[in-house]
Amino acid sequence: MSQFGSNVESGEVEIAHVLFTDIVGYSLLPMEAQKDYLPQLQRIVRDSPRFRAAEVSGEIISLPTGDGMALAFLRDPLAPL
């Protein structure tokens with residue numbers, strides 16, 4: 001299966017449910033605060049039980065977006081909530 005949830009060889013296609021998060025006003029923060037807040041957001045998200053469960057089962061793709069992160073949950077449409 002590719003990183004984006006499609007297995008062309010077997011004809012399987014998966015739908016991802018995407019959640020975008022960002023820090024409001026991030027670009028207005030002092031550089032030192034930006035360096036602190038972004039890793040803190042990422043740590044909070046990664047420590048959540050739903051993220052950990054999805055990661056263990058291989059049902060999540062997490063990408064940094066500059067001032068937040070994009071989370072693509074595979075299979076469960078309620079997971080991003």
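Predicted model: local features only at pLDDT ≥ 70, side-chain atom pairs only at ≥ 80, totals over all residues.
Author: Local features here need pLDDT of at least 70, side-chain atom pairs count only at pLDDT 80 or more, and totals for chains, interfaces and linings use all residues. Residues are numbered from 1 along each chain as its sequence is written, and side-chain values use heavy atoms, with hydrogens and water left out.

Reader: Why are S3 and S5 called paired?
Author: Pairing takes at least two DSSP bridges between two strands. S3 and S5 (residues 68–74) have seven, in the antiparallel sense, so they pair. Strands are DSSP E runs of at least two residues, helices H or I runs of at least four, numbered from the N terminus.

Reader: What makes S3 and S4 edge strands?
Author: S3 (16–22) and S4 (60–64) each pair on one side only. The order of this open sheet is S3-S5-S4.

Reader: How do you know that H1 packs on the sheet?
Author: Contact means heavy atoms within 4.5 Å, and H1 (residues 31–47) touches S3, S4 and S5.

Reader: What makes the largest nonpolar core a core?
Author: The residues must be buried (under 20% relative accessible area, 1.4 Å probe, protein chains only). They must also be of the types Ala, Val, Leu, Ile, Met, Phe, Trp, Tyr and Cys, joined through side-chain atoms within 4.5 Å. Twelve residues make up this core, among them Ile 23, Leu 38, Leu 41 and Met 69. H1, H2 and S5 each give two or more residues to the core.

Methods:
Axes fitted to C-alpha atoms, helices over the stretch in contact; angles between N-to-C directions. Buried < 20%, exposed > 50% of the residue type's maximum accessible area, 1.4 Å probe, protein only.
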